[in-house]
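This report looks at one protein chain, first through a single residue and then through the whole fold. Please have the sequence and the model open while reading.

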Amino acid sequence: MADEAQVLVLLREQADELARDLQAKHLRAATVGIKVKKADFTVTGRQTTLAVATCEAERILAASMLCWQRSGLGDTPIRLLGTRVAALTDEEERELRLL
């Protein structure tokens, strides 16, 4: 798989699944990462830390897409693509304050 459209579909499916799992467990994640196994079996990973922890699929998807873009593997044939979340919390969401 090296087609960007296929990658987007897979990242969306994984984000939806992760969001459902987080919501079922009343957790939110502050870190989102991807792991990519290329056709030559080498592994590349990227992650990003969110300003506010989330359990929303759209925010997980946006973060995983950012990681994919940062990986620079857009035209590289890949075997596997996985999305993960970390830095889990069960605390209530807090608003960021500017002052």
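Does Ser64 count as buried or exposed? The model is predicted, and in this model Ser64 has a relative accessibility of 0%. A residue counts as buried when its relative accessible area is under 20%, so Ser64 counts as buried.

Ser64 lies in helix 2. Apart from neighbours within four places in sequence, the residues in contact with Ser64 are Leu11, Val32, Ile34 and Thr83.

**Helix 2**

Helix 2 covers residues 57-71, which makes 15 residues. From the first C-alpha to the last, the helix reaches 21 Å, close to the 21 Å expected at 1.5 Å a residue.

Ser64 is one of several buried residues in this helix; the others are Ala57, Ile60, Leu61, Ala63, Cys67, Trp68 and Ser71. Viewed down the axis of helix 2, the buried residues fall within an arc of 165°, so they line one face of the helix. On the face turned away from this buried side, helix 2 carries the exposed residues Glu58 and Gln69.

What covers the buried residues of helix 2? The cover includes helix 1, strand 1, strand 2 and strand 3. The table gives the residue ranges of these elements.

| Element covering buried residues of helix 2 | Residues |
|---|---|
| Helix 1 | 4-24 |
| Strand 1 | 28-38 |
| Strand 2 | 43-54 |
| Strand 3 | 78-89 |

After helix 2 comes Gly72, which has a positive phi, near 70°.

**The whole protein**

How many helices and strands does the protein have? There are two helices and three strands. In sequence order they follow the pattern α-β-β-α-β.

The C-alpha trace spans about 45 × 30 × 20 Å along its principal axes. The protein has 99 residues, and 37% of these are buried.

Contacts can also be sorted by how far apart the two residues are in the sequence. Taking the contacts with a separation of 6 or more, 73% are between residues 24 or more positions apart.

Terms used:
Residues are numbered from 1 along each chain as its sequence is written. This is a predicted model: local features need pLDDT of at least 70, side-chain atom pairs count only at pLDDT 80 or more; totals for chains, interfaces and linings use all residues. Side-chain values use heavy atoms; hydrogens and water are left out. Helices (H or I, at least four residues) and strands (E, at least two) are DSSP runs, numbered from the N terminus. Buried means under 20% relative accessible area, exposed over 50%, partly exposed in between (1.4 Å probe, protein chains only). Contact means heavy atoms within 4.5 Å. The expected span of a helix is 1.5 Å times one less than its number of residues. The arc is that of the directions from the helix axis to the C-beta atoms.
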